[in-house]
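Please walk through this protein with the model open beside the text.

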Amino acid sequence: MAEAGEKHVRAVDVASSPAASSAAARPVRGEDCPSAGAARHVDGGTGTPALEARDLTLSWDGEHIVVQGVSVDVAPGEVCCLVGRSGCGKTTILHALAGLTTPVSGHVLLHGEDVTGRPGRVSYMLQKDLLLPSRRIIDNVCLPLVLASAKKAEARAKAAPLFERFGLAGCELKWPSELSGGMRQRAAFLRTYLMGADVTLLDEPFSALDALTRTDVRRWFVGVAAELGLSALVITHDVDEAVSMASRIYVLAGAPSAGEPSHVAGVVEVSRVESEHFELTDEYLAAKRQVMALLG
Ligand SMILES: Nc1ncnc2c1ncn2[C@@H]1O[C@H](COP(=O)(O)OP(=O)(O)OP(=O)(O)O)[C@@H](O)[C@H]1O
Ligand SMILES: [Mg+2]
């Protein structure tokens, strides 16, 4: 749902506009459009978002507000991004969405059920979610199953068939130090997937990778999320990452450390066009321009 004062713009709607490049710069929802407050992103079947943050206000100490009035929807099977500068409160929001903290006010809903402050309902990968160096890859990825009381052999049997799909065939018995950065990231994502929820939150998942690997892993992630039917919110400060992965980007602005709580400054919708190099298209650049303008 869009907030008051929040711009909601579509970067490009190629399908509805043959003149894509001129449409690209035109907001279709937002201050110029009276329907901004009505924008919701829902499952066509049930009409309910997979994940909904409703008017979240968050604080770590109950005194200093970090984010104020943030609303985010992720439809079933959709990949959205939340973009903002370092320190603006992205991880703070993820903690609340994962039920690891309780908001000062507002609600978190999963498929319409209020799960505010209740952990264990979404799968998530934290910003510094490293693999344990002393465990083999298979045992690293099995960790959520073992923590949920599965026997080690059972957990391994469940995880093993997924190694190929996650590009990790033959790596089961390796140690984390024997894998490339991209492979370690895919292993961390497989571990997240084995948490078992259909809604996944990822905090800066690819930031430690070099540029080329990052591009490959992002593409791989979008493909695998579609194949597995995941609904995902990817948190990042990297505008290119957001535009290359998301169908919708929530742009967070503010400076909580300076006493200015963050809020959603706008929502950019990205119509993805089939292209071997989407990042070189007018559509991509238009979306990037809009996100950067909202970041200020
Ligand atoms: N555990 C914590 N206890 C107290 N304050 C915190 C805690 N974690 C974050 N903060 C504060 O909340 C604000 C937002 O931090 P947060 O980690 O959410 O930002 P971020 O957008 O994720 O930044 P980055 O891009 O650098 O990861 C900062 O002012 C930070 O100092
Ligand atoms: Mg963070």
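What follows goes from the overall fold to a helix, its partner and a residue in a loop.

This is a predicted model, in which local features need pLDDT of at least 70, side-chain atom pairs count only at pLDDT 80 or more, and totals for chains, interfaces and linings use all residues. Residues are numbered from 1 along each chain as its sequence is written, while chains are lettered from A and ligands numbered from 1 in the order in which they are written.

The protein chain has nine helices and eleven strands. Both are DSSP runs numbered from the N terminus: helices are H or I with at least four residues, strands are E with at least two. Of the 296 residues, 43% are buried. A buried residue has 20 or more other C-beta atoms within 10 Å of its own, with C-beta atoms placed from the backbone. Among contacts with a separation of 6 or more, 67% join residues 24 or more positions apart. Two residues are in contact if their C-beta atoms, placed from the backbone, lie within 7 Å.

Now take helix α6, residues 181-193. At 1.5 Å a residue, its 13 residues should span 18 Å, and the end C-alpha atoms are 18 Å apart, which agrees. The expected span is 1.5 Å times one less than the number of residues. Ten of the 13 residues are buried, so α6 is largely enclosed by the rest of the structure. The buried residues include Arg184, Phe189 and Tyr193. Their cover includes β7 (123-125), α3 (137-141), α4 (143-147), β8 (199-203) and α7.

How do α6 and α7 cross? The axes of α6 and α7 (residues 211-228) come within 10 Å and cross at roughly 30 degrees. That makes α6 roughly parallel to α7, a term for angles under 35 degrees. Axes are lines fitted to C-alpha atoms, for helices over the stretch in contact, and angles run from 0 to 180 degrees between N-to-C directions. Gly181, Gly182, Gln185, Arg186 and Phe189 of α6 meet Thr213, Asp216, Val217 and Phe221 of α7.

Last, find Leu131 in the loop between β7 and α3. Leu131 is buried, because 21 other C-beta atoms lie within 10 Å. Leaving out residues up to four places away in sequence, Leu131 touches Asn140, Pro176, Arg184, Ala187 and Ala188. Ala187 and Ala188 are also among the buried residues of α6. Leu131 and Ser177 are 46 residues apart in sequence, yet 9.4 Å apart in space, C-alpha to C-alpha.

Notes. Angles under 35 degrees count as roughly parallel, over 145 as roughly antiparallel, 65 to 115 as roughly perpendicular and the rest as oblique. A residue is buried if 20 or more other C-beta atoms lie within 10 Å of its own, exposed if 12 or fewer, and partly exposed in between; C-beta atoms are placed from the backbone.
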